[in-house]
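Let me put the sequence and the model up on the screen, and then I'll talk you through a few spots.

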Amino acid sequence: MTDVTGPPAIARIAARAYRIPTDAPEADGTFAWTATTIVVVEATAGDEAGLGYTYSGPEAAQLVNGPLGELVKGRDPFAIPAIWDALVGRVRNLGRPGIASAAVSALDVALWDLKARLLGVPLAALFGQARKAVPIYGSGGFTSYSDAQIQGQLGGWVARDGCAAVKMKIGSEPGRDLARARVARGAIGDAQLYVDANGACTRKEALWFAERFADLGVTWFEEPVTSDDLDGLRLVRDRAPAGMNVAAGEYGDAPVYFRRMLAAGAVDVLQADATRCGGYTGFLRAAALADADSLPLSAHTAPALHLPVCCAAPRVMNIEWFHDHVRIEHMLFDGAPEAKDGTIRPDLSQPGHGLALRRADAEAFAI
């Protein structure tokens with residue numbers, strides 16, 4: 001008989017929060033900020049350590065270092081679906097949406113990375129790689145930016161990185177948004193222009209903007225109304241000009257969230273964020289729902305984290321190349337992908353997702 005030995009048990013879970021100042025004041029239609037907090041999680045078994053992260057508050061680190069980490073220690077690192085169910089059950093009475101879901105997400109990503117490293121394979125291959133590269137779209141164009149900043153940033157993504165599409169924020173000052181969109185169009189030439197209201201518009205305002213943005217070739221209207229208003233999203237989707245997709249879903253925290261959005265016919269493109277929706281496990285479940293509904297799926301922000309799972313998800317349309325997160329991932333992690341010809345590619349020579357925390361660089365931003 002062959003003696004089959006299983007993987008070493010999970011021995012250690014640790015999380016740390018880092019606060020990174022922005023390189024300029026940033027704002028969208030409903031919020032303004034000058035720093036971004038990233039919570040980094042490590043899961044160790046045997047001689048390997050997996051890494052995950054989320055963009056949330058430092059309270060997510062407290063959850064991981066406390067009840068969630070204690071729940072995971074000693075478990076089989078290959079039994080991720082069972083661990084995911086246990087984590088979701090553990091946060092039920094803590095309040096699953098928001099910080100608790102972010103904590104579960106970062107821990108789940110770390111466990112998938114750990115599993116791949118224990119097996120010595122890249123995550124893209126472990127998930128079942130369906131494509132060698134994933135398209136990206138440049139994302140920023142904050143409402144706090146000057147016209148010159150919009151021109152330089154959006155135009156750079158097209159000219160330098162080869163992006164076929166870029167996105168700008170709207171909604172802080174609605175009276176300026178059409179002029180700002182014209183500035184963006186002038187900077188990007190024939191590239192696709194996306195706009196994101198972050199739910200700032202009423203239904204009627206969104207319809208008014210949709211008609212006028214169509215004249216500027218806008219092909220994507222993200223969260224024209226709050227994503228909690230599924231009827232409003234459906235109204236804008238039904239009445240928006242041909243060729244303009246309505247996108248939403250970035251705040252989804254559970255498969256049922258995405259199922260309800262799809263059942264309402266609320267979107268043309270479903271967005272999911274693995275740093276919020278339950279990590280890679282939750283993202284794959286959202287991807288399965290989009291596939292069953294024959295809708296494209298777009299990964300929201302955190303491009304380095306999303307890359308391996310997006311290489312496998314069947315209907316992935318693109319990954320958001322979000323200015324803040326691209327900057328942070330290149331500041332803190334070795335192995336963060338570089339944009340080329342409007343795509344990013346996984347490094348298949350490295351196990352897991354290939355990211356490694358530069359601890360000395362990160363320490364200056366530790367909370």
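Before I point at anything: when I say contact, I mean heavy atoms within 4.5 Å. Now some bookkeeping. This is a predicted model, so local features need pLDDT of at least 70 and side-chain atom pairs count only at pLDDT 80 or more, while totals for chains, interfaces and linings use all residues. Residues are numbered from 1 along each chain as its sequence is written, and side-chain values use heavy atoms, with hydrogens and water left out.

Let's start with Asp28. Where does Asp28 sit? It's in the loop between strand S1 (10-27) and strand S2 (32-45); helices (H or I, at least four residues) and strands (E, at least two) are DSSP runs, numbered from the N terminus. Not counting residues up to four places away in sequence, Asp28 touches Trp33, Thr143, Lys169, Ile170, Ser172 and Asn198. Is Asp28 buried or exposed? Buried, with a relative accessible area of 8%. The cut-offs there: buried is under 20% relative accessible area, exposed is over 50%, and partly exposed is in between, using a 1.4 Å probe and protein chains only. Gly171 is 143 residues from Asp28 along the chain, and their C-alpha atoms are separated by 6.7 Å. There's also a polar atom of the Asp28 side chain 2.9 Å from the backbone nitrogen of Thr30.

For contrast, take another aspartate, Asp341. That one is in the loop between strand S12 (333-334) and strand S13 (343-344), and Asp341 is exposed, at 63% relative accessible area. Leaving aside neighbours within four places in sequence, Asp341 is in contact with Asp161 and Gly162. Gly140 is 201 residues away along the chain, and here the C-alpha separation from Asp341 is 19 Å.

Okay, on to strand S7, residues 218-222. How many of the five residues of S7 are buried? Five of the five, so S7 is largely enclosed by the rest of the structure. Strand S6 (residues 192-196) pairs with S7 in the parallel sense over four bridges, where pairing takes at least two DSSP bridges between the strands. Within that pairing, Val195 has Phe221 of S7 as its bridge partner. To get from S6 to S7 the chain goes through helix H7 (residues 203-214), and this β-α-β crossover is right-handed. Right-handed here means that, with the strands pointing away from the viewer, the path from the first strand over the helix to the second runs clockwise.

S7 also pairs with strand S8 (residues 245-248), in the parallel sense over three bridges, and Trp220 stands opposite Asn245 in S8.

Now the packing. In soluble globular proteins, nonpolar side chains tend to be buried together. I'm calling a set of buried Ala, Val, Leu, Ile, Met, Phe, Trp, Tyr and Cys residues a nonpolar core if they're joined through side-chain atoms within 4.5 Å. The largest one has 120 residues, and Tyr53, Phe213, Phe221 and Phe283 have the most contacts inside it. Helix H3 (residues 96-119) gives the most to this core, with 11 residues. Phe213 is in contact with a list that includes Ile170, Val195, Val218, Phe221 and Met244. A second, separate core of six residues includes Tyr137, Tyr194, Trp220 and Val269.

Last topic, charges. How many salt bridges does a search of the whole structure find? 20 of them, counting a side-chain nitrogen of Lys or Arg within 4 Å of a carboxyl oxygen of Asp or Glu. One is Lys167 with Glu222, the closest N and O atoms being 2.6 Å apart. Lys167 lies in strand S5 (residues 165-169) and Glu222 in strand S7, so the pair ties together parts that are 55 residues apart in sequence. Lys167 is buried at 1% relative accessibility, and Glu222 is buried at 0%. There's a network of salt bridges, too, linking Lys167, Lys169, Asp196, Glu222 and Glu320.

Another salt bridge joins the side chains of Asp238 and Arg234, at 2.9 Å N to O; these two are four residues apart in helix H8, separated by about one helical turn. Arg234 is partly exposed, at 35%.

That's my tour; questions welcome.

Technical notes
Polar contact = N/O pair within 3.5 Å; in protein donor to acceptor, adjacent residues only side chain to side chain.
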